[in-house]
Amino acid sequence: TATLAELDPEVAEQIDAELRRQRDGLEMIASENYTAAAVLQAQGSVLTNKYAEGYPGRRYYGGCEHVDVIEQLAIDRLKGLFGAEYANVQPHSGAQANASVMHALLEPGDTILGLDLAHGGHLTHGMRINFSGKLYNVAAYGVDAETQRVDLAEVERIAQESRPRLIIAGWSAYPRHLDFAEFRRIADSVGAYLMVDMAHFAGLVAAGLHPSPVPHAHVVTSTTHKTLAGPRGGVILTNEADLAKKFNSAVFPGQQGGPLEHVIAGKAVAFKIAGTEAFRERARRTVAGAQILAARLGRDDVAARGIRVVSGGTDVHLVLVDLSQSSLDGRQGEDLLAELDITINRNAVPNDPRPPMVTSGLRIGTSALATRGFTEEDFSEVADIIAEALVAAADDDGADPAVIARLRERAAALAAAYPLYPNLA
Ligand code: PLP
């Protein structure tokens, strides 16, 4: 019966401090978002007590009548949102969704072909010490040195050469659309499955602002907590009945035991929200905000410091900043913006000359601020703040502390204008 604060003040204090951190700062990590208060409520519910191995109507435990309804709601809403025939909402994370798909479609030693981690791919697309790199033979495509975009002629050439069993299209740090129809043509030409990992851009697909991979891929995986703004988790979608069966048994019992029904309830709520006009409007501000940021960071005062925008702009919710020609490195850039309470992450850029712990890039996303309510005018202000900070810090003499203090005040004013989770204590 004791409250968290009574029972465990050490944990309670840190949760309170984290809420304050989220409220006071500007969250611009491209893989993050602020989920709805209703999702938090579903996640913090008694559903966490329930074992429900199996699937709705086919469980290995009694007492599943309520979680069955909830999980079926999540499945049906997800299918509706993306126009897919089959959905699995049980993967605990994006990584486990990908592991399950590979478990279903591949044998150890088979070849997978994905975007190189150093060019914006994900760990689960074949990184050396990830399960994907240990279990499977990895081939990779990169981005073109000139355009910094995926070159499908090159993907085709590497596919012909490496004869993968699975081709992966999708990314963690890439600012452009991919041509899913062309990826499918290439996959078919070498007899490979095509998996699209839409973890980052799923919310934009749901809003109709990004081409959908669902009609083209054999399977689509996603996280639910990035642009989709749900609880932390993963999902799998397919249009093919025989594949759907394989994915279901690969998730449970292949990769997981009991599903997290409290998270699945949060997913159901998030999918309901993602089908609304308010969500589409928010997604439009997300992309507009990223484009405003890319345009500002592409201006002459920034370019004069050797700072560039990867691929010259963005089609999505993030901007990649290339510092490889600048005296400022990725770590310094991340620390600088942290001083302004703007949270971003440093990120390798294609052909990065600096080591992975330092990097020459910044990945800056707009989803969380769009969720918070930022207008295009607010995004212009935050773009100015970031540009002015980077220009100041890339100066030979380093940033003037008075300049940084003023920028910090401007960032704090933006955060104060949009109270976050006003009903949480
Ligand atoms: N796939 C992509 C493209 C991602 O960017 C991520 C997360 O960053 C994942 C999968 C893994 O998601 P999770 O962190 O939920 O395992």
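The largest nonpolar core holds 127 residues, and those with the most contacts inside it are Ile167, Leu194, Val319 and Leu390. Helix H16, residues 376-393, supplies the largest share of this core, namely ten residues. Please bear in mind that we are looking at a predicted model. As a general point, nonpolar side chains in soluble globular proteins tend to be buried together.

Let us take Val319 as an example. Which residues does Val319 touch, leaving aside those up to four places away in sequence? They are Pro175, Ala290, Leu293, Ala294, Leu297, Val309, Thr314 and Ile364.

I turn now to the ligand. There are 15 residues around the ligand, and Ser93, Gly94, Ala95, Ser172 and Ala199 come nearest. By class, this shell consists of eleven polar, three nonpolar and one charged residues. Helix H5, residues 94-105, gives the most to the shell, with three residues.

Next, Lys226. The unreviewed UniProt entry annotates Lys226 as "modified residue: N6-(pyridoxal phosphate)lysine". In the model, Lys226 lies in the loop between strand S9 (219-223) and strand S10 (234-238). Is Lys226 buried or exposed? Lys226 is buried, because 28 other C-beta atoms lie within 10 Å, and the cut-off for burial is 20 or more. Not counting residues up to four places away in sequence, Lys226 touches Ser31, Asn33, Ala199, His200, Gly203 and Ser367.

His125 is placed in the loop between strand S5 (111-115) and helix H6 (131-135). His125 counts as buried because it has 27 C-beta neighbours inside 10 Å. Beyond residues up to four places away in sequence, the contacts of His125 are Gly114, Leu115, Ser132 and Ile168. His125 and Ala153 are 28 residues apart along the chain, and their C-alpha atoms are separated by 20 Å.

Finally, I come to a sheet. Four strands form an open sheet in the order S11-S12-S15-S14, with antiparallel pairing.

Methods
Residues are numbered from 1 along each chain as its sequence is written. This is a predicted model: local features need pLDDT of at least 70, side-chain atom pairs count only at pLDDT 80 or more; totals for chains, interfaces and linings use all residues. A nonpolar core is a set of buried Ala, Val, Leu, Ile, Met, Phe, Trp, Tyr and Cys residues joined through C-beta atoms within 7 Å. A residue is buried if 20 or more other C-beta atoms lie within 10 Å of its own, exposed if 12 or fewer, and partly exposed in between; C-beta atoms are placed from the backbone. Helices (H or I, at least four residues) and strands (E, at least two) are DSSP runs, numbered from the N terminus. Two residues are in contact if their C-beta atoms, placed from the backbone, lie within 7 Å. A residue is near a molecule or strand if its C-beta atom, placed from the backbone, lies within 6 Å of it. Ala, Val, Leu, Ile, Met, Phe, Trp, Tyr, Cys and Pro count as nonpolar, Asp, Glu, Lys and Arg as charged, and the others, Gly among them, as polar. UniProt positions are given in the numbering used here, feature names are shortened, and annotations may be inferred rather than shown by experiment. Two strands pair if DSSP finds at least two bridges between them.
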